[in-house]
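Here are a few notes to keep beside you as you look through this model for the first time. Take them in any order you like.

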Amino acid sequence: MTAYTATVEVRLKHGVLDPEAETTERALERLGFDLEDLRAADRFEVDMDAASADDARERAGEMAERLLANPTIHDYEVSVEER
Amino acid sequence: MTVSVIQFGGSNCDRDTVQALAHLDIDTELVWHEDGLPADATGIVLPGGFSYGDYLRAGAMAARSPIMDEVREAAESGTPVLGICNGAQIGCESSLTPGAFTTNESARFQCEHVHLRVENADTPWTDHFEEGEVVEFPIAHGEGRYEIDDARLEELEADDRVLFRYCDEDGEVTPEANPNGSKHSVAGVLGERDTVAVLMPHPERVSLPDIGATDGQGVLRAFGE
């Protein structure tokens with residue numbers, strides 16, 4: 001078994017309104033920053049032991065499917081690194 | 001003949017719901033989620049509140065608690081299940097009902113009275129109303145914006161599974177009367193069976209005459225039939 005950190009990034013699907021990101025964007029503009037758009041995402045770092053990087057990726061993907069993301073509104077990405 | 005109102009840590013409309021049902025002479029008991037669903041439950045309410053502090057997403061944690069497997073099983077066998085506010089979020093998170101309730105368009109918590117148009121009066125939850133009737137319920141939520149992909153929503157609408165839409169006092173569904181940016185102003189939907197329903201507005205808060213209006217009784221009476 002090898003120690004991995006799987007990173008799961010969960011973001012709203014393209015086209016789904018993100019009021020918190022829009023509010024944050026407006027606040028940055030109020031502070032004088034020049035920007036075109038802002039997208040927010042949740043990032044989960046999961047430490048685990050797995051037989052291979054693929055195993056770790058699969059397990060983290062299942063975590064995203066079953067809890068970390070809501071497939072109705074979210075897309076997610078998984079990446080894996082040895083710890 | 002006992003309706004189970006399921007309490008999660010952070011539920012806070014559970015006792016209001018029991019009182020409203022008791023007023024309608026419907027036998028009701030509070031059920032702590034860890035105790036499991038009573039075998040004789042003839043109806044189930046997932047009440048409002050802030051279960052698990054809305055961690056991750058409102059309703060996400062409660063939807064994965066073991067009692068929800070029993071609730072899904074009961075729902076599939078025809079037991080009436082109603083999710084109100086946080087209970088509606090739990091219902092969608094646990095796939096009892098389609099879609100998701102997410103952050104209000106305003107990005108704020110909103111606590112106000114709204115008008116709802118009865119879209120389908122041929123369900124246990126609405127057969128005390130007329131189709132097109134306008135009722136007034138309170139809302140109190142930060143994550144009540146109904147989201148679902150366009151194709152699914154079209155299917156739901158074609159199948160008459162939208163129960164209520166936000167509207168103005170004349171029953172017009174307008175962007176101004178949509179308090180949270182819900183897609184197509186959807187305030188409540190049915191599950192695969194019409195015995196399963198969720199809605200963000202609070203019928204139990206407009207069911208006791210001492211408090212004022214009683215529009216909400218129509219929804220809760222489903223448990224008395």
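Helices here are DSSP runs of H or I with at least four residues, numbered from the N terminus. Please keep in mind that this is a predicted model.

1. Start with the end of a helix. α5(B) is followed by D160(B), and the phi of D160(B) is positive, near 60°.

2. Now go to the other end of that helix, which covers residues 150-158 of chain B. At its start, a side-chain oxygen of D149(B) comes to within 3.1 Å of the backbone nitrogen of A151(B).

3. Next, have a look at N178(B), in the loop between β9 (162-167) and β10 (186-190) of chain B. Is N178(B) buried or exposed? N178(B) counts as buried because its relative accessibility is 14%, and the cut-off for buried is under 20%. A polar atom of its side chain lies 3.1 Å from the backbone nitrogen of G181(B). Beyond its neighbours within four places in sequence, N178(B) is in contact with Y166(B) and S185(B).

4. Then turn to where the chains meet. Chain B brings 15 residues to the contact and chain A brings 14 residues. About 1,200 Å² is buried between chain B and chain A, with carbon and sulfur atoms giving 64% of that area.

5. What joins the two sides? Five residue pairs are in polar contact across the interface of chain B and chain A, both residues at pLDDT 80 or more, while the count of salt bridges between these chains is zero. On the side of chain B that touches chain A, β5 (100-102) and β8 (145-147) of chain B each supply at least two residues. The residues on that side of chain B divide into five nonpolar, four polar and six charged.

Methods. Residues are numbered from 1 along each chain as its sequence is written. Chains are lettered from A and ligands numbered from 1 in the order in which they are written. This is a predicted model: local features need pLDDT of at least 70, side-chain atom pairs count only at pLDDT 80 or more; totals for chains, interfaces and linings use all residues. Side-chain values use heavy atoms; hydrogens and water are left out. Contact means heavy atoms within 4.5 Å. Buried area is the accessible area (1.4 Å probe) that two parts lose on being put together, summed over both. A salt bridge is a side-chain nitrogen of Lys or Arg within 4 Å of a carboxyl oxygen of Asp or Glu. A polar contact is a pair of N or O atoms within 3.5 Å; within protein, one must be able to donate a hydrogen and the other to accept it, and residues adjacent in sequence count only if both atoms are side-chain atoms. Ala, Val, Leu, Ile, Met, Phe, Trp, Tyr, Cys and Pro count as nonpolar, Asp, Glu, Lys and Arg as charged, and the others, Gly among them, as polar. Buried means under 20% relative accessible area, exposed over 50%, partly exposed in between (1.4 Å probe, protein chains only).
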